Amino acid sequence: MAEDNITPIMDRALEVIGNEAAALEWIDKRSATLGATPRELAATPEGRDRVLLHLNGISRHRIS
């Protein structure tokens with residue numbers, strides 16, 4: 001998988017999670033909600049969209 005596929009996810013994860021080490025760990029951790037790791041899902045445009053929507057949901061819950 002091209003590294004460009006993960007870049008928007010990593011950028012958003014860093015914004016939401018707030019620290020690079022934790023964001024990198026999250027990218028490779030299987031998500032019960034997503035059914036795969038964010039890195040695996042980054043292989044397709046649909047998967048990237050799912051991960052970004054998931055991150056947006058996490059962000060909304062932290063602000064509330």
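Tutor: Among the 64 residues of the protein, 36% count as buried; here buried means under 20% relative accessible area, exposed means over 50%, and partly exposed lies in between (1.4 Å probe, protein chains only). The model is a predicted one, in which local features need pLDDT of at least 70 and side-chain atom pairs count only at pLDDT 80 or more, whereas totals for chains, interfaces and linings use all residues. Residues are numbered from 1 along each chain as its sequence is written, and side-chain values use heavy atoms, with hydrogens and water left out.

The accessible surface of the protein amounts to about 4,200 Å², and 52% of that area belongs to carbon and sulfur atoms; such areas come from the Shrake-Rupley method with a 1.4 Å probe, and for residues only the protein chains shown count as cover. The secondary structure consists of four helices and zero strands, in the order α-α-α-α along the sequence. Helices (H or I, at least four residues) and strands (E, at least two) are DSSP runs, numbered from the N terminus.

Helix H1 spans residues 7-17, and its buried residues are Ile9, Met10, Ala13 and Val16. These residues cover an arc of only 130° around the axis, which puts them on the same side of H1; the arc is that of the directions from the helix axis to the C-beta atoms. Just after H1, Gly18 adopts a positive phi of about 95°. Asn19 then caps the N-terminal end of H2, with a side-chain oxygen 2.9 Å from the backbone nitrogen of Ala21.

In helix H2 (residues 20-27), the buried residues are Ala23, Trp26 and Ile27. Viewed down the axis of H2, they fall within an arc of 100°, so they line one face of the helix. The face of H2 turned away from this buried side carries the exposed residues Ala21 and Glu25.

In soluble globular proteins, nonpolar side chains tend to be buried together. The largest nonpolar core of this model has 14 residues, of which Ile9, Trp26, Ile27, Val51 and Leu55 touch the most other members. A nonpolar core is a set of buried Ala, Val, Leu, Ile, Met, Phe, Trp, Tyr and Cys residues joined through side-chain atoms within 4.5 Å. H1, H2 and helix H4 (45-63) each contribute at least two residues to this core, and the largest share, four residues, comes from H1.

Leaving aside neighbours within four places in sequence, Ile27 is in contact with Ile6, Ile9, Met10, Thr37, Pro38 and Arg39. Leu34 lies in the loop between H2 and helix H3 (38-41) and, at 7% relative accessibility, counts as buried. Not counting residues up to four places away in sequence, Leu34 touches Leu41, Arg50, Val51 and His54. The C-alpha atoms of Leu34 and Gly47, which are 13 residues apart along the chain, are separated by 9.0 Å. Across the protein, residues 24 or more positions apart account for 45% of the contacts with a separation of 6 or more.

Ser59, in helix H4, counts as buried at 16% relative accessibility. With neighbours within four places in sequence set aside, Ser59 is in contact with Arg12 and Val16. The side chains of Ser59 and Arg12 make a polar contact (3.4 Å). A polar contact is a pair of N or O atoms within 3.5 Å; within protein, one must be able to donate a hydrogen and the other to accept it, and residues adjacent in sequence count only if both atoms are side-chain atoms.

Arg12 also meets Glu15 in a salt bridge (2.7 Å, N to O), the term denoting a side-chain nitrogen of Lys or Arg within 4 Å of a carboxyl oxygen of Asp or Glu. Being three residues apart in helix H1, Arg12 and Glu15 are separated by about one helical turn. Glu15 is exposed, with a relative accessible area of 59%. The whole structure holds two salt bridges. Arg39, already named as a contact of Ile27, forms a salt bridge with Asp28, their closest N and O atoms being 2.5 Å apart. This pair links distant parts of the chain, with Arg39 in helix H3 and Asp28 in the loop between H2 and H3, eleven residues apart. Arg39 is partly exposed at a relative accessible area of 25%, and Asp28 counts as partly exposed at 44% relative accessibility.

Key. Contact means heavy atoms within 4.5 Å.
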